[in-house]
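Student: Could you walk me through this structure, one feature at a time?
Tutor: Gladly; let us open it together.

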Amino acid sequence: MGLGWGAAPVIAFVNVAEPVIGASLAMRWGIHRSGLASIKNLGLFVLAVGVVAPLLTGLAGALFIDLVTRTGFGANFGRWVIGHALGAVTFTPILVQVASGEVRVWLGRASRRQALEGTTLLLLVVAMSVGVFAQTRLLMLFLPMLPLMIVTFRAGTIGAAAAVVAIATVGTALTLEGLGPVNLIHSGTGERLQFLQFYLAVTVMTVLPIAADLARRRELFQQLRDSEARFRLLTENSTDIVLNIDPDGIIRYASPSISLIGGHDPQALVGTESARLIHAADRDRVRAVHRQARERPQETFSVEFRGVVAGDAERWFETHTRAVIDDEGKVCGVVSAVRDTSARRLAEAALSVAAHTDPLTGLCNRRAFDGELDRLLAQTVDVSGGGMRGDLRPGSLQEHQ
């Protein structure tokens, strides 16, 4: 009512339009779907609520105030934008969390110990704020930051926003009573309150990014725990061997199935070279496949090799290898799924013997004779430098017969 009854409806309309603009921008940019639990969303929130909305309504509000009071458009515009931007950035986060039900959800999920801890820390913030703003001798505005940081780390964005509101409420009430270090500023009440708003806004922009990053880390940690649980469920109940190998070829993880298939202790293999599990004649081929996997991390590569099992025995294995990429997009190792193919190899050998052996006599059949003759003829051609004449060439035997 400061400008009279006639001006009040216009100012009220502009004031109501400001949060509508900020909320519309927030919804358009998707902030309402994921809250303020990320640095990106926090930046968009400040841009919508603390920059764009106050600037747009400040133009209309300052112009109308200048028409009514003739106190100057520039000064009114500056006071409007600064006051509204700092106030919105300070109080909107906790109001959004209350309206969206985040506070209710947090209270429902929090254990009795967590609720007691959060309440105690919030009371500590209030007590520290009263101690700072109830005296006008010392500039101790930095003291509430310590319990505020503790609340942020323990209760996340909800705790940080609630603590900022507590500081703002105590600080504003005592400052209006003429107390607190802000009153050491030799200026008018409006300027002192704007300084207090600036202090609160800086406090918000200090703790909310930390809270957002902590929330992101908690989410990533939860995803990592879920992924690890799924990974362990699959690897510990799989008949295939799963190996995590670093870029230097050192084993970082071996699934329990390697004990049943290869006779190796999976814990004892961690920290050892993976090459010791491969037959010396096949190591270069396996290394080449691992190198290809690191060079082309989006593809999966396979190779069959002879592996060394307990007792220095040999068995055939087939591995499917893919690179592991870290948060920066760099290859930090490979993961290999290894399957025992010895039974398949024996079956293939048995089929090959059956295909080249007469079932009645057990002697080599015609297919085996033709294959061996072609092989010997090919060797003869290689030794003589291709000097054979006539039709005695590999592949021509069937025509003579």
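Student: In which helix is Trp-106 found?
Tutor: Trp-106 is found in helix H5, residues 102-109. Helices (H or I, at least four residues) and strands (E, at least two) are DSSP runs, numbered from the N terminus. A word on the source: this is a predicted model, where local features need pLDDT of at least 70, side-chain atom pairs count only at pLDDT 80 or more, and totals for chains, interfaces and linings use all residues. Residues are numbered from 1 along each chain as its sequence is written, and side-chain values use heavy atoms, with hydrogens and water left out.

Student: Is Trp-106 buried or exposed, or in between?
Tutor: Buried means under 20% relative accessible area, exposed over 50%, and partly exposed in between (1.4 Å probe, protein chains only). Trp-106 has 26% relative accessibility, so Trp-106 counts as partly exposed.

Student: Which residues does Trp-106 touch, away from its neighbours in sequence?
Tutor: Contact means heavy atoms within 4.5 Å. Not counting residues up to four places away in sequence, Trp-106 touches Gln-114, Ala-155 and Ile-158. Ile-158 is 52 residues from Trp-106 along the chain, and their C-alpha atoms are separated by 8.2 Å.

Student: How many helices and strands are there in the protein?
Tutor: There are 14 helices and 5 strands. Of the 401 residues, 36% count as buried.

Student: How should I read a nonpolar core?
Tutor: In soluble globular proteins, nonpolar side chains tend to be buried together. A nonpolar core is a set of buried Ala, Val, Leu, Ile, Met, Phe, Trp, Tyr and Cys residues joined through side-chain atoms within 4.5 Å. Here the largest one has 32 residues, and Phe-133, Ile-167 and Tyr-199 have the most contacts inside it. At least two residues of this core come from each of H3 (39-69), H4 (73-100), H6 (112-133), H7 (145-176) and H8 (189-236). H7 gives the largest share, 10 residues. Another core lies apart from it, with 20 residues, including Leu-243, Leu-277, Val-289 and Ala-293.

Student: What does Phe-133 contact beyond four places in sequence?
Tutor: Its contacts include Leu-141, Ile-167, Leu-174, Pro-181 and Tyr-199.

Student: How do strands E1 and E2 run?
Tutor: Two strands pair if DSSP finds at least two bridges between them. E1 (residues 241-245) and E2 (residues 251-254) run antiparallel, joined by 3 bridges. Asn-244 stands opposite Tyr-253 in E2. Their hairpin has 5 residues between the strands, and Gly-249 there takes a positive phi near 85°.
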